[in-house]
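Here is a short briefing on one protein chain. Keep the sequence and the 3D view open as you read.

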Amino acid sequence: MGDYADLPGVRTWYESEGAGDPLVLLHGGFCTNDTWGALRTDLAAAHRVFLPERRAHGHTPDVEGPLSYRAMADDTVDFVETVVGEPAHLVGWSDGGVVALLVALARPGLVRKAVVIGANFRPATECFAEPAMLDAMTPDAEDLAFFRELYEAVTPDGPDHWPVVAAKVVDMWRTQPTLSTEELARVAAPTLVVVGDDDLVTLEHTTALYRAIPGSQLAVVPGASHVVPLEKPDAVKRLVLDHLAQDAVETMMPVRRAADPARTARPGSVTGRPDRAA
């Protein structure tokens, strides 16, 4: 069951379940909460899970004007402050991952930990494996049929509004986001970057995202694409839960993290040497 929250930017539909530390699930572009599948139930066994549907997605109406990640990040900030009522973990998939990064930058005090799945920090034209795919994403394209059906089934704007929303999303992908690695270096929340090994976002771009965020972790899921939460839900669930439960990263031979001056070295820790040499 869900309800609406009257936020300043848009009347936002959300669902919630479970108990424990709050975790906000941020769906992908063109998606609804249904695309989290069984993952939401598994996560709700350990956390109080909140699932907002962003403007122009699912049960949440469209707003006049173009779509932007920053506006959706502002909506998410309002949601965490108004509905969640305390800092939360953010788990974002695709567009939701972009939103999570923007929230972590704008309001670091609201984000406990972050997981970004198949996310990008530059426009699709710079990071998609096949940028030309954007030209094929017309409202009536067969590749968008699955998302069109999700939208038409629940939107308060009526099914005839789909072409408007489809065009807005693709236009947003062409020009946004426009983050720099220097900006990403300010992300303070412990962050896990997840990607399928055959994602539409290139592995090179994902690696650049991982390297830009201090102390972040990287997981490349084998045999998976951009829809890795649907293809490998058990693997994604384990990665998310392990990251959220982890107090500190401890490796025996740190290299990248050993250079982080903000961490305190101790035997066997992320910055220290193993207690016993191999």
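V220 is partly exposed, with a relative accessible area of 41%. This residue lies in strand β8, which covers residues 217-221. The model is predicted.

**Surface patch**

- V220 belongs to a nonpolar patch on the surface, together with L203 and L218.
- The accessible area of L203, L218 and V220 together is about 210 Å².
- V220 counts as partly exposed because its 41% falls between the 20% limit for buried and the 50% limit for exposed.

**Nonpolar cores**

- The largest nonpolar core has 60 residues.
- The residues with the most contacts inside this core are V24, F30, Y69, F79, W173, L184 and L209.
- Take L184 as an example: leaving aside neighbours within four places in sequence, L184 is in contact with L101, F121, L179, L209, A212, I213 and P214.
- Another core lies apart from the largest one. This other core has 22 residues, among them L39, V91, V194 and V228.

- How many salt bridges does the structure hold? There are 12.
- One of them pairs E15 with R40. Their closest N and O atoms are 2.9 Å apart.
- This pair links distant parts of the chain. E15 sits in strand β2 (residues 11-17), and R40 sits in helix α1 (residues 39-44). The two are 25 residues apart.

- D21 and R112 form a salt bridge, with the closest N and O atoms 3.3 Å apart.
- D21 lies in the loop between β2 and β3 (22-26), and R112 lies in strand β6 (residues 111-117). The pair therefore ties together parts that are 91 residues apart in sequence.
- D21 is partly exposed, at 40% relative accessibility. R112 is partly exposed too, with a relative accessible area of 28%.
- R238 is partly exposed, at 43% relative accessible area. D242 is partly exposed at 42%.

- Where does N120 lie? N120 is found in the loop between β6 and α4 (124-127).
- N120 is buried, with a relative accessibility of 6%. That value counts as buried because the cut-off is under 20%.
- The side chain of N120 reaches the backbone oxygen of R122, at 2.7 Å.
- Which residues touch N120, leaving aside its neighbours within four places in sequence? N120 is in contact with V98, C127, Q176, P177, V201 and H205.

Definitions and conventions. Residues numbered from 1 in each chain as written. Predicted model: local features only at pLDDT ≥ 70, side-chain atom pairs only at ≥ 80, totals over all residues. Heavy atoms only, no water. Salt bridge = Lys/Arg side-chain N within 4 Å of Asp/Glu carboxyl O. Helix = DSSP H or I, 4+ residues; strand = E, 2+ residues; numbered from the N terminus. Buried < 20%, exposed > 50% of the residue type's maximum accessible area, 1.4 Å probe, protein only. Polar contact = N/O pair within 3.5 Å; in protein donor to acceptor, adjacent residues only side chain to side chain. Contact = heavy atoms within 4.5 Å. Patch = residues over 30% accessible without salt bridge, like charges linked within 9 Å, V, L, I, M, F, W, Y side chains within 5 Å. Areas by Shrake-Rupley, 256 points an atom, 1.4 Å probe, with all protein chains shown as cover. Core = buried A, V, L, I, M, F, W, Y, C linked by side-chain atoms within 4.5 Å.
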